[in-house]
Amino acid sequence: MLRFGGDYNPEQWPEEVWAEDLRLMSEAGVNMATVAVFAWSRLEPEQGAWDFAWLDRILDLLHEHGIDADLATATATPPPWLVRAHPEMMPVTADGVRLEFGSRQGYCPSSPVYRTHAVRLARTLATRYASHPALKMWHIGNEYADHTLECFCEVSAAHFRTWLEARYGTIGGLNAAWGTSCWGQLYTGFDQVEPPRTAPGPVNPAQLLDWRRFCSDALLELFEAEKAALREVTPDIPVTTNFMSILHGLDYWKWAAAEDLVTDDAYPDPADPESHVAIALSYDLMRSLKRQPWLLLESSPSAVSWRAVNAPKPPGMMRLHSLQALAHGSDGVMFFQWRQARFGPEKFHSALLPHGGTATRGWQETLQLGRDLKALAEVAGSYEQAQVALVLDWDSWWGLEAPESMPSDRLKLKELLLDWYRPLHARGIAVDLAPPGRDLTGYRLVIVPNLYLCTEESAKALSAFDGELVVGPFSGVVDAADQVHPGGAPGPLRDLLGVTVEEFWPLHDGVTQATTAGAARTWTEWIHATDAEVVARYRGGELDGRPAITRKGGVTYLSCRLDDPAPFLDTVLARADVHGVEVPRGVEAVRRAGHLFLLNHTTDPQRITLPQAGTDLLTATSRQGEIELAPRDAVVLRLEGRK
Ligand SMILES: [Zn+2]
C-alpha cells in the first residue's frame, strides 16, 4: 500500500470540525495521519495532569475510518510549565544568549530535565495506546536540528567533555588529536575544554569537527532514549523521525541505522525551475540510507510559509512532485498538513484542505492525487540497487566546510554532489548514495565528488571496488582528527590514484582555468602523476602543461572542479557501460524496479520515445513508441520484458 495523508492537528480545531475532517479524509483516500506532533501542552497542561480524552477519540475516529496513525511522541515542543520550572533547559547560543519560550524545539539537547520528561511522555503514550488498532508507527520528536542543532550552555559543555573523554581517554589524547600545541592551546584537564563558543578569532578546526560530531550524537541520544521507552512497551511498532533532506547538521547514515523506516520532509521551492533536481538527490539519499523504500512524511500541497516569498505550486505541480517522490523510492506521499491552520506561524502554509474548503482547486488536486496513488499501489515496497553511486560522508563535509581555515571557502559539498548528480539525472540514470566505508559491490560506476577527510578504512573500501571509480579534488587530505596526512594529499588514496598533490590552487569567483577537458572553476591543483596516465592537462596560466586529470586502471582523479563535467562524465559512463533514458531537457526519467516514471517538469508539451513498451498505470493504457507528455504531466509505465 502507498501511504497518503499528512499531519493532522485536531487539537487546533473545535470537535464539531472533526467529523467533517474524517469524512473528507475518507473521500480523498487518506490512509495515514500523523498526530500529536506538537501536543505536549495539550496532553499534559500541568505536570502529571493528563488529558488523553481528545486523543482517544481522534485515534478511535481514525481507526473507524480505516486510517492508520503515525503517532508522535509529542516531544517537539516542551510545555510552558516545564520551561518555567526549569529555565535552564532552554538552549544557549554561541554568544551566550539563552533563547526564550514561544517557538518550538525549545530545549537544550543535553538537558537531563528535558530528556527525563520526554522519555516519561513517550512511555506514557506507549502504555496508553499500545493496543490501539490505529497505532501503526511512532514518530519520535520532529525534524531534529531544524531549530535546535546545538547548545552552548554549561550542561552541554559538560556533556561535550564526557563525549570527548569517551573518544580520547586522556587529555593527552585530546591534545594530540586537536593539535593544541598550535596557538598555545594545550589543555591539562578536560575541565578546561569548552564548546566552540564565539572566540576572538578562528576556532581550532579539530575542536569544531568534534563539536559537529557531538551535536549530531547528542540529538541522536535523545532519539534513542525515547525509542528505548517505546520499544519496552510496543516492541513491534516501527519507529521513525522525519529527516530534513540532505542536512548538514546530522549524520543521517548514523541516524538511519537507529530507525526502522526512513522518512523525510521535502520542500522544493516551486519558484525554482531546477528545484526538482536537488530534491531528487535527497530522495535518492533517503532510499540509500537503509537501502530500502522510504516514506515522504511531509511535503507541501502548495505554498510554504517560511521563505521570504512563498510561491504556490501551480496546478499539476503537487501531483508531479508527489509522483517524483514515488519514482525515487518513497512508499507514499504525506503532507504538512491536512487542514490549513487559522492561526500560528504556519497559517499561510498550504494544506490538503485549504482555508477555502472543498470549493478550491487545491481540494480537487487532493482528490486527484488520492486516485492516482490507488492506481500506483503496485510500486509499493519495490527497491533495486542503482548502477551508479555517489559517495557522501558527513565527517568529510563538516571538515570541508569549516570556517576560516581552508584554502578556499568556495568548495561546498552539496554543490560538488550536484555537479555530478545534475548530468546523471538529466540522462535518466538512477543514482544511489553511499558512505565511504560501504561495500560497493554491484555498482558499475562510483563517483567521490570530494573526500577531504579520508581514513585508512575509507581508502581500503574504495580500493576494493572493481568498477569505474572517479575521485574529485581535495580528497584524501586529512585524517579523522582533521590532521593532514603525512606527505600531504591524497594521503591513503596515493597508491589507488597514482598521484601526489603538491599545492592547492583555488580560483577566485568568475575565474576559470582552461584544461584539455574543458574549463575548470573554483579549484585546481598542482599535481604529479607518479603512477598514472595523464588524461587531461591544464592549458595556460601558472599550471600550463601540468596534469589536470589522471587515470590509473579504472580509477580517475580530477584535480579540478570542471565547469561542465558532462562531456567527461559521458566518457566514464561509456567505459562503465551505464546507459540512461534519452529525454528532453526538463523531463525526468526514473526507473523503480520494473517501472519507468517519466515526469515533465516543464510548462511545454514534450515528445519522448519510450525505451520499452509498457502499461501506463495512471491511465491504464498501453504505451509504446513516441508519446507526448502534457506540461507537468507524467506517465508511470509498468515495463514489459524489463531489462
Ligand atoms: Zn545546553
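Analyst: A residue counts as buried when its relative accessible area is under 20%. Please note that the model shown is predicted.

User: How is a pair of aromatic rings described?

Analyst: Two quantities describe a pair of aromatic rings: the distance of the centres and the angle of the planes. In this structure there are 29 aromatic pairs. Phe243 and Tyr252 are stacked, because their ring centres are 3.8 Å apart and their planes lie at 15 degrees; planes under 30 degrees apart count as stacked.

User: Are Phe243 and Tyr252 buried or exposed?

Analyst: Tyr252 has a relative accessibility of 1%, so Tyr252 counts as buried. Phe243 is likewise buried, at 2% relative accessibility.

User: Which kind of pair do Phe474 and Trp523 form?

Analyst: Phe474 and Trp523 form a tilted pair, with 4.6 Å from centre to centre and 45 degrees between the planes. This pair links distant parts of the chain, 49 residues apart: Phe474 belongs to the loop between strand S13 and helix H16, whereas Trp523 is in strand S17. Phe474 is buried at 3% relative accessibility, and Trp523 is buried at 0%.

User: Which residues form one aromatic cluster?

Analyst: One cluster is made up of Phe152, Phe160, Trp163, Trp178, Tyr187, Trp211 and Phe214.

User: Where does the charged end of Arg339 sit?

Analyst: The charged end of Arg339 is placed over the ring of Trp13, at 5.2 Å from the centre of that ring.

Note on methods. Residues numbered from 1 in each chain as written. Predicted model: local features only at pLDDT ≥ 70, side-chain atom pairs only at ≥ 80, totals over all residues. Heavy atoms only, no water. Phe/Tyr/Trp six-rings, centres within 6.5 Å; stacked < 30°, edge-to-face > 60°. Buried < 20%, exposed > 50% of the residue type's maximum accessible area, 1.4 Å probe, protein only. Helix = DSSP H or I, 4+ residues; strand = E, 2+ residues; numbered from the N terminus. Lys NZ or Arg CZ within 6 Å of the ring centre and 35° of its normal.
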